[in-house]
Protein chains: 2
Amino acid sequence: MTTNQNQMKIVLQMVSGYGGEFKTWRLPEAKADAYTDMDLYVEMAQLAEKGKLHALFMADTPALVNNIGVDTPMHSMDPLIAMTSVARATKHIGLVGTFSTTFNEPYNLARHLKTLDVISHGRVGWNTVTTSTGATADNFGTHIATRQERYGRAHEVIEAVQSLWGSWGENAYIHNKETGQFADLGQIKPVNYRGEYVKTSGPLPIPPSEQGQPVLFQAGPSGEGVELAGRFASGVYANPFTIEESREYRDILRDAAVRHGREADEINVFTGFMFTIADTKEEALARRRQVMAFDPEETSQRLRYLSAMVGLNLTSLDIDKPLPEGVRRMLQANWQDPRSPRAVELLQEGYSPLDTLAMGVINYHPVVVGTATDVADFLQEWFESGATDGFSIVPDLAHDGVKRFVEEVVPILQERGIFHKDYEGTTLRENLGLPYQYGLRK
Amino acid sequence: MTTNQNQMKIVLQMVSGYGGEFKTWRLPEAKADAYTDMDLYVEMAQLAEKGKLHALFMADTPALVNNIGVDTPMHSMDPLIAMTSVARATKHIGLVGTFSTTFNEPYNLARHLKTLDVISHGRVGWNTVTTSTGATADNFGTHIATRQERYGRAHEVIEAVQSLWGSWGENAYIHNKETGQFADLGQIKPVNYRGEYVKTSGPLPIPPSEQGQPVLFQAGPSGEGVELAGRFASGVYANPFTIEESREYRDILRDAAVRHGREADEINVFTGFMFTIADTKEEALARRRQVMAFDPEETSQRLRYLSAMVGLNLTSLDIDKPLPEGVRRMLQANWQDPRSPRAVELLQEGYSPLDTLAMGVINYHPVVVGTATDVADFLQEWFESGATDGFSIVPDLAHDGVKRFVEEVVPILQERGIFHKDYEGTTLRENLGLPYQYGLRK
C-alpha cells in the first residue's frame, strides 16, 4: 500500500448522466438528452480524470424505479456499456459498476468484468449488491427472496466469480511464437464450483489484468451487508448523515474486515455527498431555489415533511422569510430522521423554510450548497474526524458540477495536502492502496 | 429498401483478434497478444469500415472450446465489450454479436443490446443462437436441453427481448425543459411477458435508436433453426461448401420468411468464406505451407483425413509432389464430406497432397488461396449464381488479411459494380436494406 493515509479518496457518482438532483436537467446549463448521449458521459469521465478523481461510481437497479415523467432516471441506460465506453477514452480513472449478485449468472458477470479489467489495464471495480427491488424481480420473472437467501447467494456468486477470475493462471498467457505455445494449459484449470445457489465449471479463458482482477465494493448497511463487506470488499459505499454515524459505521466495517482475517485498512469507506457550487453561497442557494421552483407541488410536500422533522407546522408561516425569533426556539429535531438536527440548525440560524429545503436537508446524502471552499471545508472536516476514507460525490447537475469540483474544489484539497496531486499507480488497486489479489482469497 | 440488389453484402468475422487459421499467430506479421489488445481489435474494425464492409461479425460460445495450448482462441474475450469498444471508435460499420438465447436472461440481454444500439446510433445486430456446447452448460451449472426445448426457449427469449425493446414508445423521450416533461409515461408500458421458459415485466427504460432496435441474425441449419430465422432473422450466417448447397439453403430460408408473412428479401444469407491473399498464387500457397509447417503432427492427421476424402492412401506417396497421372484417375470423392469433390479436383489438377491441404480443402468454409483477383472472382461467381446475398469473410490472419481485402479485393468488387462504394445510410438496417421494425412484429 503506497497511498498516503492522510489523503482522502474521491469517486464520482455518474447517476444517469445528469446529476443527483433529478430536476436539474431543466436548468439552462443542462443538456436535456444526456441520458442517451454517450459522448457527454465520456467527457464528464475525462474531466473527472483530469481532476485525479479515483474512480467513477455507477449505481444501478435493473428496473425503472423513479418517476421519469418529470425527473431524470436514477441510473444510466447500462453500466457495463457506459464503463466500457469510458474505459476506451481514459487512462487512469477507476470504473466501479454495480452488478446484482441475484440477477446475473456468475459466468457472464465474471467474463464481462474481467474482460473490461483487461482492456482498461486494471481499472475495474464491482459493486456487489443483492437487489431487493420488486420491480427488478418482476423483470426477471421471479420474486425477491429473503435477505438470508439473497446474501447466501451473494457469497456464492462472489466466490464463483473470483474463482473463475483465478482459473486462468497468472503466467498462463505464454503467446510465444517461437515455441508455438499460446497458453500453458497446465495453469488453466476448471473451478468446478458447486454451491447451493450457483454452479459453474470454468475455466474462464481470460488472462489477468494489470491489477490481477477487479476490486470488490459493497453497499448496504444491514448485518449481512457488513459481513459481505468484511469478507470481500475493498470499498464500501455508505450513506451516513452525520460524522458520528459515519465513524461508527466505518469502525463496524473495519472490525468486520479484521474478523475475516484482513487488515482494517483494506476497507475504504466512501461517504455519499452532494453539492451545489457557485461563486457565492447566495448564488448556490439561488440555483437550488430555481430547481425547486420547477415543481411547486413537490416543494409543498417537502415543506410538510420538513415541518414533521422540526416539530412545527411551517406552512402556516411565511416560508420565504426567516422564522420569528420566538418560533425558532420552539423547534425540536425529530429523532426518527437523522437529518432533523441539521434542519433545526439552519432554521435557527435564520434560513427561511424554503432556503432550508434548498440547502438539501431532505436529500439522501449530506449536502453542501455554497462555494468551493465550503465544499472543501466539509470534506476536510469529515475526513479528518475519522468519519470516512473518502467520498462518493454527487453533483446536483453533472454537466457543470463536475467541472466546478475538478477546477475549484480539487486544487483547494490538494493545497491543503489532503488529496493526491496525481495517481499513485496505473491500476485502481494501486490508486486505492489495496493489496494484490488473484482468484478467491484463501 | 434502398440497397442495390445487384451488390453483395460483406461482413467481417473478427474471431478472437487473430484470424480463422488458428496457427497464423506464429507468422512474423502476426501480433502475438492480439487476444488481449483491444487497440488492435479497434484498428481492424476501423480498417473494415474504411473498406465499407457492412458489419463486423462476432461468433461466440461462452466456454473454452478449442486447444489454446497451441492455437489461438476461437472467440474474443467478450463480444459485448468488444462491440462497445468498436462502437465508440467507428461511425458506419455494423456490429453483430452472438448471444445465446439459453444462457442469458432476456432483460439483461435486451438492456445491453438496446443501449449499445442507442450509443452506436443504430448499428447493432444480435446473432441469436441456442448454444449446444456441453462445456457452456457446465459453466452455467446445467445441462444442454433437447433441441426442441432450446428452440422453444429461443422463440420466447426473442419475443421477450423484442417486446422489451418496444416497451418504450417511439416518441416517449420528450426531454422538454420548458414543459418539464422528461418522458411520456403514457407511452412507456410494461410488457408482462409470460412464457413457458421466461417471464419479464418491463418496461425497459431505453428510447429507440436511429434504427429503432437491433437487427436479428441467426445461425444453425436445423429445421428448428430455419423456422426461427424465417420468423425473426434479417441475416443468416451459413456454412455451405458448394454453390448448389448454398442456393438450396438460401431458397429454404426465403421460403421460411414468406411462410411467416415476410418478404423473401428480408433475409440476407451471409456465406462463410476464408482467404489467404498474396501478390501471386504461389506466395499465397507458400504462406499456407508456412503455417502448416508449424504443426507437422496436425498435417499428418489431415493427410490421413484427406486420404479418406479422396479414397486413396496418400501417405504412401511423395506428398510434396503432384500425384502420378495413373494415380490421379483412381481418386474418388467421398460423398460423406461435401468438400471431397474440391479435393479430388485439386489433386487431379496437379496440386501435391500438401498443397491441396494448403488450399484449405479441410477448412470449415470454402477457401481461396491466391491473389485479390482470385478472391474477387470467387465472390462474384457465388453471388451472381444466386447462392448467397453476401459473405461472412474470415481472413487467415486478421492483422494483414483485413488490410489486403479492403485495399485490394474491395476496389475490384466496386469496379465490377457488385459492391457498394459507400454506406447507403447511417444504420445497419439501412445498409442491409431492411424494413423498419420496433418491438415485436405483430
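Start at the interface of chain A and chain B, where four salt bridges are found; a salt bridge here is a side-chain nitrogen of Lys or Arg within 4 Å of a carboxyl oxygen of Asp or Glu. Select A:Arg111 and B:Asp60 to see a salt bridge whose closest N and O atoms are 2.7 Å apart. Next, look for polar contacts: 42 residue pairs, both members at pLDDT 80 or more, link chain A and chain B. A polar contact is a pair of N or O atoms within 3.5 Å; within protein, one must be able to donate a hydrogen and the other to accept it, and residues adjacent in sequence count only if both atoms are side-chain atoms.

Keep in mind that this is a predicted model, in which local features need pLDDT of at least 70 and side-chain atom pairs count only at pLDDT 80 or more, while totals for chains, interfaces and linings use all residues. Residues are numbered from 1 along each chain as written, chains are lettered from A and ligands numbered from 1 in the order written, and side-chain values use heavy atoms, without hydrogens and water.

Which helix gives the most to the side that touches chain B? Helix 3 of chain A does, with eight residues.

Select the whole contact (heavy atoms within 4.5 Å), and you will have 70 residues from chain A and 70 residues from chain B. Together the chains bury about 5,800 Å², 59% of it on carbon and sulfur atoms. Buried area is the accessible area (1.4 Å probe) that two parts lose on being put together, summed over both.

Then stay within chain A and colour domain 1 (9–278 + 371–431) and domain 2 (281–364) separately; the bounds come from an automatic or database domain assignment. Their C-alpha centres lie 33 Å apart. Between these domains, 21 residues of domain 1 are in contact with 14 residues of domain 2, and about 1,700 Å² is buried, 57% of it on carbon and sulfur atoms. Show A:Lys23, A:Phe241 and A:Thr276: in domain 1 they lose the most area to domain 2, together 33% of what that side buries.

How many salt bridges join the two domains of chain A? The count is six. For another stop, pick A:Asp400 and A:Arg287, a salt bridge with its closest N and O atoms 2.5 Å apart.

Terms used: Helix = DSSP H or I, 4+ residues; strand = E, 2+ residues; numbered from the N terminus.
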